[in-house]
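Trainee: I am new to this structure. Can we go through how to read it, feature by feature?

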Amino acid sequence: MTTATNVSLKSFNTFGIDAKAASFCNITSVETLQNVLKTRPSRPLFILGGGSNMLLTKDIEALVLHINLKGIDIVSETEHTVIVKAMAGENWHDFVLWCLQHNYGGIENLSLIPGNIGTAPIQNIGAYGVELKDTFVRCEAIHIKNQSLRLFSKTDCNFGYRESVFKQDLRDQYIITSVYLELTKVNHTLHTDYGVIKNELADRGIETPTIKDVSNAVIAIRQSKLPDPKEIGNSGSFFKNPVISIEGFHKLEQNFPDVPSYKISEALVKVPAGWLIEKAGFKGKRFKDYGVHHKQALVLVNYGDATGKQILELAQLIQTTVKRLFNISIETEVNII
Ligand code: EPU
């Protein structure tokens, strides 16, 4: 195991922020990870996965551990289903494509989500009516303090909307090393209720879609609305969609009759943050090298050499403006470092 010093993290975070790591260690085996954790000096650690859900606002003094564990294995299978184990450092979308090649169904709606396998459970990634938790069986994680390996069942993970135990009670205590998903081999359950998916499939003249058709539709939709981090730095949705009370929603509706919403329960309604930000006039706004994407107001972008601080200031301006105009607080989905 070697540790490099003064490493630029620009290519390790999808926002493309040029923060520096004082020391950087590439982790390619679970044993190395355990050894590094055991023998490390008392300095703090910074765990880096796919770097797709973070905004770096400063250089990192902590020891950066880049979780680069690779491998995909079939653990068990029946006539109908298969359990696949993927290591934390595998790229999420490459894994989705691998599953499609093998005709394993269940995660096709999650095509093209940036990031790695190991970070997927932390925020229970989701898109177009499907979340990671729907196929999740368990994950393995190393306890940072005592280096023991622990299995987390779906219940242990306490998944919610963009939430899990790894962001709450056990924050910064474990490093996920692998994830096990149960996928279908036959009779796939398709999730094509989302209007945009229905329309995309109809436009393509597809009446009985395969999982590959659904994936292709999702890829086309995402490519039409979301910037490719390889071309324009971004971290996907920067904010979570706020959940507000039904009373608050009725007040909002009086002033803005066109406000879209999704009912969560009898008492709660989710409002798209993208709509609030667009109404607040930020969609497509560019300041120097950063701004709000012109096709999806929920996505903040780095056009080249923006700093994390600049993007954070923009995010704060958006939050205070949305609060002032709509009396709604929007929380960041991205981790601010
Ligand atoms: N909208 C606007 N203006 C915008 C963007 C959205 O008015 O600029 C309104 C529209 O009314 C639209 C509605 O918001 O119908 C919902 O937009 P969209 O379908 O794009 O979904 P979203 O709520 O903005 C969420 C996820 C995305 C995921 C999509 C599709 C969150 C925070 N984001 O976005 O996830 O791809 O649904 O399921 O829940 C991500 O997490 O990085 C991400 C991209």
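Mentor: Start with helix α5. Its buried residues are Ile211, Asp213, Val214, Ser215, Ala217, Val218, Ile219, Ala220, Ile221 and Arg222. Buried means under 20% relative accessible area; exposed means over 50%, and partly exposed lies in between (1.4 Å probe, protein chains only).

Trainee: What kind of model is this, and how are residues numbered?

Mentor: This is a predicted model, with residues numbered from 1 along each chain as its sequence is written. Local features need pLDDT of at least 70, side-chain atom pairs count only at pLDDT 80 or more, totals for chains, interfaces and linings use all residues, and side-chain values use heavy atoms, with hydrogens and water left out.

Trainee: What do the buried residues of α5 pack against?

Mentor: Contact means heavy atoms within 4.5 Å. The buried residues of α5 pack against α2 (92-101), β8 (126-127) and α4 (195-203).

Trainee: How is the span of a helix judged, and what does α5 reach?

Mentor: The expected span is 1.5 Å times one less than the number of residues. Helix α5 (residues 211-225) has 15 residues. From first C-alpha to last, α5 reaches 21 Å, close to the 21 Å expected.

Trainee: Now α2. Which of its residues are buried?

Mentor: Trp92, His93, Phe95, Val96, Trp98, Cys99 and Leu100 are the buried residues of α2. That is seven of its 10 residues, so α2 is mostly covered. The cover includes β6 (72-77), β7 (81-87), β12 (174-184) and α5.

Trainee: How many helices and strands does the protein chain have?

Mentor: Both are DSSP runs, numbered from the N terminus: helices are H or I with at least four residues, strands are E with at least two. The protein chain has eight helices and 20 strands. Its radius of gyration is 21 Å, close to the 20 Å from the globule rule for 337 residues, so the chain is as compact as a globular protein of that length. That radius is taken over C-alpha atoms, and the rule is 2.2 Å times the number of residues to the power 0.38.

Trainee: What share of the chain is buried?

Mentor: Of the 337 residues, 50% count as buried. Among contacts between residues at least 6 apart in sequence, 60% join residues at least 24 apart.

Trainee: How should I read backbone phi?

Mentor: Most residues other than glycine have a negative phi. Leu112 has a positive phi, near 65°. Leu112 lies in the loop between α2 and β8 and is partly exposed, with a relative accessible area of 27%. Asn327 also has a positive phi, about 55°, although it is not a glycine. Asn327 lies in the loop between α8 (308-326) and β20 (335-336). At a relative accessible area of 58%, Asn327 is exposed.
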